[in-house]
Amino acid sequence: MPLIEQSSPHLHVAAFAFPFGSHPRPLLSLVLKLATAAPQVHFSFFNTEKSNETLFSSSKSSQLPHNFRAYSVDDGVPAGHVLSGHPLEAVEFFLKAGAESFKKGIDIALAETGTNITCFLMDGFVVFAGEIAGDLGIPWIPVWCPLSCSLSAHFYTDLIRKLYANNGVVNESQNLDQIPGLSFMKIGDLPGELISPDLDKSIFAKTLSELGQVLPRATAIVINFFEELNPAALNDDHKSKFRKVFNVGFLTISLPLSPQPPPESDSTGCLSWLNGQKPKSVAYVSFGTVVATPQTELVAMAEALEESGVPFLWSLRDNLKEALPTGFVGRTSNMGKIVPWTPQTQVLAHESVGVFVTHGGCNSVFESIACGVPMICRPFFGDHQMTGRMVEDFWGIGVTVEGGVITKKGLIKNLELVLNDEQGKKMRETVEVLKQIVTDAGGPNGSAARDFQNLLELVST
C-alpha cells in the first residue's frame, strides 16, 4: 500500500469512537491503518476509559504507530451511580455528556501535541462531533460501522415513518418498496429505535432520527463494507446523497486471510479440536460478548445440538454453563466442545466448520462471509434483523430462525437444512462466491484499496 510521504507535520486527525458493542474496533482499525500509511500525520483517538481498556493491552500498546495516541474521555455516568444493566442507559449518559467530554479530550491532545486538529474522523453515531468540526471550520468524516443497508434505513427515517405508520401503528410485514435498494426488507426488520414513537424520551432514538439530516453534510463518509455486496440501487443512492463515499472493506479483517497458526499457539484448544472433525461438519455457535441469551433458548440450543448429533464448538461464558440441561456437558463431550472464548476468524476459516449460529452482529457476519461459512441467524436488537434479511433473502447464504426465537425443533431443522439439504449446498456455493468477491475487492488492486487510498489522501493533504 502506498505511503503518504509528503504529508505536512502539522496535520492532526482526531477520531471519536462510539464506545458500545462492536463499534470502537472498526474505527480503531481504520485509524491505525491510516496512521501506518501516513507517518507524518498525527492521529488522536478518543474513547471512554472502559472501552479503551478492552481495545488496548500492554503488549498491543508497544506495537502502536509512533504517530498515534489514544485518550480516555468521560463516559458521562455520574460519580457513584450504579448502572441498572439496561443496555441503553450507558448510551444515554454518554450521548448527554459526549460533546463536552470530547472537547476536554481535544484540549488535552492539543496541549500535548501543540498541533491543531485538521480533520475529524467519527463513528457515524457520534453526530455531535460534526457540530464541533463545523465550529472549528475543519473537514469531518463519519465512519459507518454496521452494514450499509442500515445507513439507508436511518437516512430515510422520516419517509419511513410517513409512509409505513398509521396512527403510530406499523405493519411489520410490509416491504420497504420505496427505499432504494431495500425493497426486500420489511418494516419489522428495522431497528426499534428508528420507528419509535417516543423520540423525546430517548436521546439515542433522537440521535438516530437526525442521522439522515446530519451525515450528508460531511466531507465524505466511510463505510465498513464492500460495495460489491450491496444492491446496485443502494450504492447509487448513497453516491447521490453524500459528497464522497468510501467503501473501504471489512475493517476488522485482513484479506487475504492469514494461514492457520501452528498447534502450539492454540491456547484455547479450539483449532486442535477442529482438526479432528470432518470437513464442513461442525456447527460453530457464538452470540458475541454483548447479547444476553434467554435461558430458554440456551436450553433449546443444547437440546437441539445433542439430539441432532451435529459436532459443535460453542463459545459460551463459564457463568452460563449452569443454565444448560443437567448432564449436557458430560453427555456431549465426545461430539462437542464448549469454551468461554474463541479466536473467531481462525475458527470460521477452519475447513471443519460448516455453519455459524450467530446473532447477526455485523463483524461476525463479515467474518463468516470472508471465511465462506453459511449462517443461521438469531437477531436480538439494533440492525441484527436487517443483517439477517440480507443473509437469507439477498445473499442467500443462510437462514433466520423462525419466529425470531431459537427452539429445539427449529434449530434441528435449520442445521439439517444448511448442513445436509440441497438448499444448504447452494448456500455453501454462494458464500464461496462472495468470499472470492471480497478477497478480490480487498486485494491491492481492489475497490476497497482504491477507496482507502482516496480517504488517505483526503486526511493527509
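Visitor: Which helices each supply at least two residues of the lining of the second largest pocket?

Guide: In this predicted model, those are helix 1 (24-37) and helix 18 (447-460). Helix 1 gives the most, with 6 residues.

Visitor: How much space lies in that pocket, and which residues are closest to its centre?

Guide: The second largest pocket holds about 940 Å³ of space. A total of 33 residues line it, and S29, K33, L251, I253 and S254 are the closest to its centre.

Visitor: How does the lining of the second largest pocket divide by class?

Guide: There are 18 nonpolar, 11 polar and 4 charged residues in that lining.

Visitor: Which residues line the largest cavity?

Guide: You can pick out I223, N230, N235, H238, K239, V245 and N247 around the largest cavity. Helix 9 (232-241) and strand 9 (245-247) each contribute at least two residues to this lining, and the largest share, 3 residues, is from helix 9.

Visitor: And what is the make-up of that lining by class?

Guide: The lining of the largest cavity has 2 nonpolar, 4 polar and 1 charged residues.

Visitor: Now for the packed interior. What should I know before reading a nonpolar core?

Guide: The general idea is that nonpolar side chains in soluble globular proteins tend to be buried together. Here, the largest nonpolar core has 91 residues, and F16, F120 and W395 have the most contacts inside it. Helix 4 (residues 87-113) provides the largest share of this core, 7 residues.

Visitor: Let me zoom in on one residue. What does F16 touch, not counting residues up to four places away in sequence?

Guide: With those sequence neighbours left out, F16 is in contact with L27, F46, F102, I106, F120, L121, M122, D123, V126 and A129.

Visitor: Which residues does the second, separate core include?

Guide: That core has 32 residues, with V13, F56, C145 and L455 among them.

Conventions. Residues are numbered from 1 along each chain as its sequence is written. This is a predicted model: local features need pLDDT of at least 70, side-chain atom pairs count only at pLDDT 80 or more; totals for chains, interfaces and linings use all residues. Side-chain values use heavy atoms; hydrogens and water are left out. On a 1 Å grid over the protein atoms alone, a cavity is a set of points where a 1.4 Å probe fits but cannot get out, and a pocket is an open set with protein on both sides within 12 Å along at least five of seven lines; lining residues have an atom within 4 Å of a point. Helices (H or I, at least four residues) and strands (E, at least two) are DSSP runs, numbered from the N terminus. Ala, Val, Leu, Ile, Met, Phe, Trp, Tyr, Cys and Pro count as nonpolar, Asp, Glu, Lys and Arg as charged, and the others, Gly among them, as polar. A nonpolar core is a set of buried Ala, Val, Leu, Ile, Met, Phe, Trp, Tyr and Cys residues joined through side-chain atoms within 4.5 Å. Buried means under 20% relative accessible area, exposed over 50%, partly exposed in between (1.4 Å probe, protein chains only). Contact means heavy atoms within 4.5 Å. Grid points are joined across faces, edges and corners, and a volume is the space filled by probe spheres set on the points.
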